Amino acid sequence: LLRVTSVLSEPFTMIKPEFANLSQTEIRKEHLHGFLLDVMEEACRMLGLDYQVWLVKDGKYGAENQNDHTWNGMIGELLRGEADVALAPLTMNSARQEVVDFTKPLMTLGISIMMQKPKEKDNGIFSFLHPLHSEIWMCCVLAYLSVSVVLFLVSRFSSVDRFKKSLKESEDGSEEATDDEEDFGIFNCLWFSLGSFMQQGGDVCPNSLPGRMVASSWWFFTLIIISSYTANLAAFLT
């Protein structure tokens with residue numbers, strides 16, 4: 001006779017409606033029905049075994065007491081020799097596997113999170129802007145204009161950057177240096193900042209220390225932005 005302990009859990013083990021008034025200690029296999037009872041009945045029929053089923057006294061699956069390392073529930077009845085088989089939707093964990101043996105799972109369940117499936121977006125003419133948010137693009141434009149203005153103002157106070165020396169032939173045939181072309185006007189500053197942002201460089205570069213400090217800061221900023229854009233673009237395309 002196979003001694004089987006179980007616990008109420010729909011739809012695996014349930015009390016038949018006509019025996020709903022019975023106490024838990026009075027319930028036996030003829031009072032129960034459910035998926036696991038059908039599996040147990042078929043397995044015992046194939047093996048030629050007889051079995052008896054009752055509900056676990058404390059109504060628990062089985063957990064270890066950390067103080068004295070004893071088990072309650074169905075696991076406790078198995079360890080104490082009160083039952084031979086536990087019939088229930090029992091979770092297999094490492095602690096239980098150390099003290100009892102499990103059969104192959106009849107059913108595997110998992111906890112998952114449901115979320116809305118993202119809609120596929122059509123790639124338009126401005127799809128290259130999608131890897132970065134619009135706020136970041138606006139900050140880049142403002143930074144571009146600000147750096148250009150700062151570079152222009154710094155160059156205006158620096159004689160090194162302000163004018164480009166050129167040679168002009170004097171009346172007596174000798175050559176003399178003249179300041180006839182402005183290097184870092186506002187348009188050249190805008191062009192230099194744009195070329196740096198596109199990592200293409202420019203025709204002129206600042207020569208003064210303040211101008212080089214501004215340019216170096218802008219180059220470092222563009223390096224971070226371009227690297228982030230490239231990484232997000234690869235993820236966006238895949």
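Predicted model: local features only at pLDDT ≥ 70, side-chain atom pairs only at ≥ 80, totals over all residues.
From H4, the residues involved are Trp137, Cys140, Ala143, Tyr144, Val147, Val150, Leu151 and Val154. They meet Pro210, Gly211, Val214, Trp218, Phe221, Ile225 and Tyr229 of H7. By class, this contact of H4 with H7 has 14 nonpolar residues, one polar and no charged.

How do the two axes lie? H4 covers residues 134-156 and H7 covers residues 209-237. Their axes come within 10 Å and cross at roughly 165 degrees. Angles over 145 degrees count as roughly antiparallel, and H4 and H7 are therefore roughly antiparallel to each other. The crossing of H4 past H7 is left-handed.

H7 also has a set of buried residues: Gly211, Val214, Ala215, Trp218, Thr222, Ile225 and Tyr229. An α-helix has 3.6 residues a turn, so residues three or four places apart point the same way.

Next comes H6, residues 186-197. Which residues of H6 are buried? They are Cys189, Phe192, Ser193, Gly195, Ser196 and Phe197. These buried residues of H6 pack against both H4 and H7. Just after H6, Gln199 has a positive phi of about 60 degrees.

| Helix | Residues | Expected span | C-alpha end to end |
|---|---|---|---|
| H6 | twelve residues | 16 Å | 17 Å |

For H6, the span is close to the expected value at 1.5 Å a residue.

Notes. Residues numbered from 1 in each chain as written. Heavy atoms only, no water. Axes fitted to C-alpha atoms, helices over the stretch in contact; angles between N-to-C directions. Helix = DSSP H or I, 4+ residues; strand = E, 2+ residues; numbered from the N terminus. Parallel < 35°, antiparallel > 145°, perpendicular 65-115°, else oblique. Left-handed = near helix turned anticlockwise from the far one by under 90°. Contact = heavy atoms within 4.5 Å. Nonpolar A, V, L, I, M, F, W, Y, C, P; charged D, E, K, R; others polar. Buried < 20%, exposed > 50% of the residue type's maximum accessible area, 1.4 Å probe, protein only. Expected span 1.5 Å × (residues − 1).
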